[in-house]
Amino acid sequence: MPTTLLDGIGLLVTGSPEHGEGSALGEIARAALVVDGDGLVAWVGPSGRAPAADTQVDAGGRCVVPGFVDSHSHLVFAGDRASEFEARMAGRRYEAGGIRSTVAATRAASDEELAANLVRLLAEMRRQGTTTVEIKSGYGLTVHDEARALALARQYTDETTFLGAHVVPAEFVDDPDGYVDLVTGEMLEACAPHARWVDVFCEKGAFGAAAARAVLTAGSAKGLQARVHANQLGPGPGVLLACEVGAASVDHCTYLSAADIDALSSSGTVATLLPGVEFSTRSPYPDARRLIEAGVTVALASDCNPGSCFTTSMPFCIALAVREMRMTPAEALWSATAGGAAALRRTDVGRLVPGVRADLAVLDAPSYIHLAYRPGVPLVTSVWRAGR
Ligand SMILES: [Zn+2]
């Protein structure tokens, strides 16, 4: 692959505080970036000082940001729940059990239907600047259907997550312990070869602390690293459990106690906020400022799923984070890029510094502030993944 010089960048966001005066985000005005023959960033710096490259592309003064790292999505499913959304907007409350209707549609779908839906959603994500995505299972909830979801997702990303413990399926409502035995036994056995992560929905209406701990412990014994859905619909034990087991990330974090915040700030667990969910369920937003001020690492992700939040757009999540959670535009962009990488324990994506993968989005705007300032406007004009 030839080397490429991307020049004429009006503002380059690197994600590294060594760049730019006083910006924790890392910004270089009037910048250039060179991609090496392996699709990695070789050089970033002021325009005019860049080393020579085989080909040259002019950014025309636009802003260039790292490709978004969407560390939480549920893209393997069939059907949609538009009528449930309509009813919710008319006043009905969101409950975790709505997942079961997607489970029925997903089980009934062919492999081809699931793949086509996944590919369509991944293309939507890419057009909006997402270059790394985590994908969970969790709408199969049988040994066969969970394994097929993960085998499919694995064709498109290394960041696959076994979420057999998404909700207790209808056929186990009278025997939830029996379902946990299945998840931690035969289902885990079939899914572990296709997954990097294990996840559990630790919430009233889904799984309690003991069941969640059993799922994470069993996954860990099979080499899967932990992530947790917790404290979305109310206070609960999930955040403390995630910190205790050393989960990479605990996601939602809408209802947090002082003890939860203390545990997060003294652990290596990232708090991943999913403001599209609060938007789409008309719920109170998590308090991002409280987390940031306590020194917690915060990531932003889409949680794209057909029930509680059917958006693929990280720019939309950034706009919500700024408008509704009082994050600065710089904090929100960092959380959607380097923060997402931290939630996936990745150091090779989420920034634009030498040695990392050349994943970037070119914005038709002079500054990343426009991601929040111009909500709903498709500002991403081109997306590079590994320099292409
Ligand atoms: Zn989720």
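In this predicted model, the chain is divided into two parts: domain 1, which comprises residues 4–67 together with 350–384, and domain 2, which spans residues 68–343. The centres of domain 1 and domain 2, taken over C-alpha atoms, are separated by 30 Å. Contact between them involves 20 residues from domain 1 and 24 residues from domain 2. On the side of domain 1 that touches domain 2, two or more residues are given by each of the elements β5 (63–66), α14 (370–373) and β16 (380–384). The residues on this side of domain 1 comprise 14 nonpolar, four polar and two charged.

Backbone geometry was examined next. Most residues other than glycine have a negative phi. Leucine 141, a residue other than glycine, has a positive phi, near 60°. Leucine 141 is located in the loop that lies between β8 (135–136) and α4 (143–154). Because 28 C-beta neighbours fall inside 10 Å, and 20 or more are required for burial, leucine 141 is classed as buried.

A positive phi is also found at arginine 282, where the value is near 50°. Arginine 282 is placed in the loop between α9 (275–281) and α10 (288–293). Here the C-beta count inside 10 Å is 11, and the limit for an exposed residue is 12 or fewer; arginine 282 therefore counts as exposed. Thus leucine 141 is buried, whereas arginine 282 is exposed.

Notes
Residues numbered from 1 in each chain as written. Predicted model: local features only at pLDDT ≥ 70, side-chain atom pairs only at ≥ 80, totals over all residues. Domains from an automatic or database assignment. Contact = placed C-beta atoms within 7 Å. Helix = DSSP H or I, 4+ residues; strand = E, 2+ residues; numbered from the N terminus. Nonpolar A, V, L, I, M, F, W, Y, C, P; charged D, E, K, R; others polar.
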